[in-house]
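Me: I have just opened this model and would like to go through it step by step. Could we begin with the overall layout and then move to the details?

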Amino acid sequence: MKTIYPEQYKHIVFFTGAGMSAESGVPTYRGHGGIWSRYRWEEYACQEAFDADPDKVLKFHELRRAAVLACKPHAGHSAIAALEKKHQRITVVTQNIDGMHQRAGNRKVIELHGSLWRLRCPYDGVSEDIGEKYKSYKCEKCGNWLRPDIIWFGDSLDQGVMNEAIAAIRHCDLFVSIGTSGVVYPAAGFPRFAKENNARCIEINPEANEMSLLYDEAIRNTAEKALTEIFR
Ligand code: APR
């Protein structure tokens, strides 16, 4: 694998999906053993499911929180965090809700699909809740059910968060996508935005997918192995 010299770039964007956390033990969504092959998202990951049975949906998310807390960020996460510590200008744009990049030490993380560690009241806004179990299923102020602050199937992305991600991608000169199947909007369009700035676009994924042809280079290896090899 070739070495990448980060100091040659003014702004690096890492765009990560579930494959980024796979070597930490967090399951991916699709494919063998994926979350959506074991659970029907229609029952656990959409507003309709929450409206029908909020208790069941919150319990499912508590299981996910416990599973993620049992995992640790791997050396690939640390390699990205180390670049930020060295004052390299980087932005992490992630589809992951697991908070692994932050646990590894990254501060500039744009979470496109929300976070497992936040809850949202329809009247009193968003609150952080970081334990294995939620402190409460209901808002202490108004008594309404709190819903995970996650972009579920059928939800729109937060336009402000999306704009922030696109602005970073349009200004980067190295775009590294890691561990995403690229099937869920807006992942598919991101390399095109990077190309507008003539950024070098690299895909890290053991498997090719429909979006692979948008990249200049593919590293067909896993996230941890590839990141620790290329950013030495
Ligand atoms: N290293 C790198 N990539 C890997 C690894 C690994 N160790 N293991 C698997 N992958 C790749 C797979 O080849 C696949 O392309 O990670 C990708 C995981 O794809 P998905 O499970 O579809 O995850 P993701 O692309 O993040 O899903 C997008 O879909 O269900 C929604 O909201 C959910 O954020 C999620 C979104």
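Me: How far apart are the C-alpha centres of domain 1 and domain 2?
Reply: The C-alpha centres of the two domains lie 25 Å apart. Domain 1 covers 1–25 + 73–113 + 156–232, and domain 2 covers 27–70 + 117–150; such bounds come from an automatic or database domain assignment. The model is predicted, so local features need pLDDT of at least 70 and side-chain atom pairs count only at pLDDT 80 or more, while totals for chains, interfaces and linings use all residues. Residues are numbered from 1 along each chain as its sequence is written, and side-chain values use heavy atoms, with hydrogens and water left out.

Me: How many residues are in contact between domain 1 and domain 2?
Reply: On the domain 1 side 14 residues are in contact with 11 residues of domain 2, contact meaning heavy atoms within 4.5 Å. The area buried between the domains is about 930 Å², and carbon and sulfur atoms give 56% of that area. Buried area here is the accessible area (1.4 Å probe) that two parts lose on being put together, summed over both.

Me: And how many salt bridges are there between domain 1 and domain 2?
Reply: The count between them is one salt bridge, that is, a side-chain nitrogen of Lys or Arg within 4 Å of a carboxyl oxygen of Asp or Glu. α1 and α7 each supply at least two residues of the side of domain 1 that touches domain 2. Helices (H or I, at least four residues) and strands (E, at least two) are DSSP runs, numbered from the N terminus.

Me: Switching topic: which residues of the largest nonpolar core touch the most other members?
Reply: They are Leu58, Val68, Leu116 and Trp152, in a core of 26 residues. The elements that give two or more residues to this core are α4 (47–52), α5 (54–69) and β4 (114–121). Each of domain 1 and domain 2 contributes at least three residues to this core. A nonpolar core is a set of buried Ala, Val, Leu, Ile, Met, Phe, Trp, Tyr and Cys residues joined through side-chain atoms within 4.5 Å.

Me: Which residue forms a salt bridge with Arg118 at 2.9 Å?
Reply: That residue is Asp149. Arg118 lies in strand β4 and Asp149 in strand β6 (residues 147–150), so the pair ties together parts that are 31 residues apart in sequence. Arg118 is partly exposed at 24% relative accessibility, whereas Asp149 is buried at 11%. Salt bridges that share partners join Glu111, Arg118, Arg120 and Asp149 into one network.

Methods. Buried < 20%, exposed > 50% of the residue type's maximum accessible area, 1.4 Å probe, protein only.
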